[in-house]
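Me: I would like to go through a structure with you. Could you take my questions one at a time?

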Amino acid sequence: MTSQPTVGGFLRIEDVVKSFDGTVAVDHVNLELAQGEIFALLGSSGCGKTTLLRMVAGFERPTSGRLLLEGRDLVALPPYERPLNMMFQSYALFPHLSVADNVGFGLKRAGMPSAEIAARVEALLTLVQLSRLAQRKPHQLSGGQQQRVALARSLARQPKLLLLDEPLGALDRKLREETRIELVHIIKQVGVTCLMVTHDQEEAMTMASRMAVMHEGRILQIGTPDEIYERPSSRFVADFIGNVNLMDVQVQSVTDRQWTLSTTDVPHLLAERWSASPSQPVSVALRPEKIRLTRQPPEHPGVNAVKGVVRDKAYCGSFTLYHLGLPSGAVLKVAPTNVDRSVQSDLAVGEEAWAHWSATAPVVLSC
Ligand SMILES: Nc1ncnc2c1ncn2[C@@H]1O[C@H](COP(=O)(O)OP(=O)(O)OP(=O)(O)O)[C@@H](O)[C@H]1O
Ligand SMILES: [Mg+2]
C-alpha cells in the first residue's frame, strides 16, 4: 500500500459514484469521518446505503471517486487487506461452529497461534458478556446473543474501521432499543471508528454522534442528530425525520432578526431569521410538539396563533396527537406532552381550540 499523508478525516469518501448497468445507486457522495466517531447513514430502502458500505468494505468497486482511510487509497486493496470489518445484517454466523470458534475464525485463518487466539476470544466474549456461552452453537442463542457474537467476531482482528449494516435489524423492537445502548458502549470501549447504516431514524439518532440523510443515492444533509431534527435543510429531511407540519408561505418582510411570513391560515407568521433567501420560494416546517393547544387565545401578543377545530385525537401515552382543522381546510398536527393528567385530554373532537407557538419554533426551508 502506498502511503500518502492523511488530509483531514480518518475516512474520506470523495465524490463516489456507483452505477449498476447505467442505474445510479450512489450519486456523488462526499463524507468524512473523524477517528473514533460513530456515524450513521440514514435513508429509506433502496437509497444506496448498503452499496456505499460495500464499496468501503471492498465488495463493490466505485464507478468513480476515491475512498481513503488515514489518507491511504482503499480502492486498490482487496477486501481482506483493508483494515476494516463489515458486520452484515444477517450476522452470517457459521452454524456448525461454537460461539468461541465463530469469534476466533478469522484469527485462525490469519495464522495466529492457538494460545493467542484463545486469549483474544476470551477477552472479546467477556466484552460482549458471553463467556458463559462460549461452547454453544449459534442456534442455541437468542437473537440478541447472536448479534453480540457477530459483533465480537467483527472486532477480533482489531479493525480500524467497523462497518455495520442494519446492526439491529434482525431483533424485535424492544430488544433493539435495549441493544442500542449496549452496542454503543462496546464500540466506545474498544474505540473503533464506526460507520453504520440504518433505515430506523431513532436508532441513528440515539447511537450516532453525527449522521447523514440519504435519498436516491445522494446525501441531503450531514449533522448531529439534533441539528438534523431541529434545523433540517430541506422539506424532504424535515418530513423524513420525525413528524412535521409543512406549510407553503409567502414572505412579507425580513429583518435582521426575524422573518414575517403569511399562510392562508396564519396571516402574520413569525419565524427566526434563517439562511434561506427570501427571493426563493420558501416553506415552513413546524414540529407538532412545539405547538401548544388551549381553549383560550394566547395572552402574549408576540406568538403565532391560529384557531381551529379538533378533528381527530389519538392518545399516545407520553403525548396526545391532535389533528386541528384550520379555516382553510388544512390540518395542523399538534402533539402536546401529557405533563399532567387533565388539561389537554379534556379537549374533545369537535371542540374549538387555539394552537400557538413561538417565533423560534418554525424552520424556514428553501427547498
Ligand atoms: N448488484 C447489484 N446490481 C444491480 N443493482 C443493484 C445491485 N446492488 C444494489 N443495486 C440497486 O442499487 C440500489 C441501492 O441498493 P442498496 O442495497 O444500496 O440500498 P439500501 O439503501 O441498502 O436499501 P435497504 O434499506 O433496503 O437495505 C437499489 O436500487 C438496488 O436495486
Ligand atoms: Mg441495505
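Me: Which helix gives the largest share of the shell around ligand 1?
Reply: Helix α1 (residues 49-57) does, with 3 residues; helices here are DSSP runs of H or I with at least four residues, and strands are E runs of at least two, numbered from the N terminus. Please note that this is a predicted model, in which local features need pLDDT of at least 70, side-chain atom pairs count only at pLDDT 80 or more, and totals for chains, interfaces and linings use all residues. Residues are numbered from 1 along each chain as its sequence is written, and chains are lettered from A and ligands numbered from 1 in the order in which they are written.

Me: Which residues surround ligand 1?
Reply: Among them are Phe 20, Ala 25, Lys 49, Thr 50, Thr 51 and His 199; a residue counts as near if its C-beta atom, placed from the backbone, lies within 6 Å.

Me: New topic: what does the domain assignment give?
Reply: It gives domain 1 (11-236) and domain 2 (245-365), with bounds from an automatic or database assignment. Their C-alpha centres lie 40 Å apart.

Me: And how do β13 and β14 pair?
Reply: Strand β13 (residues 258-262) and β14 pair in the antiparallel sense over 4 bridges, where pairing requires at least two DSSP bridges. The two strands form a hairpin with 6 residues between them.

Me: Which residue stands opposite Glu 272 in β14?
Reply: Gln 258 stands opposite Glu 272.
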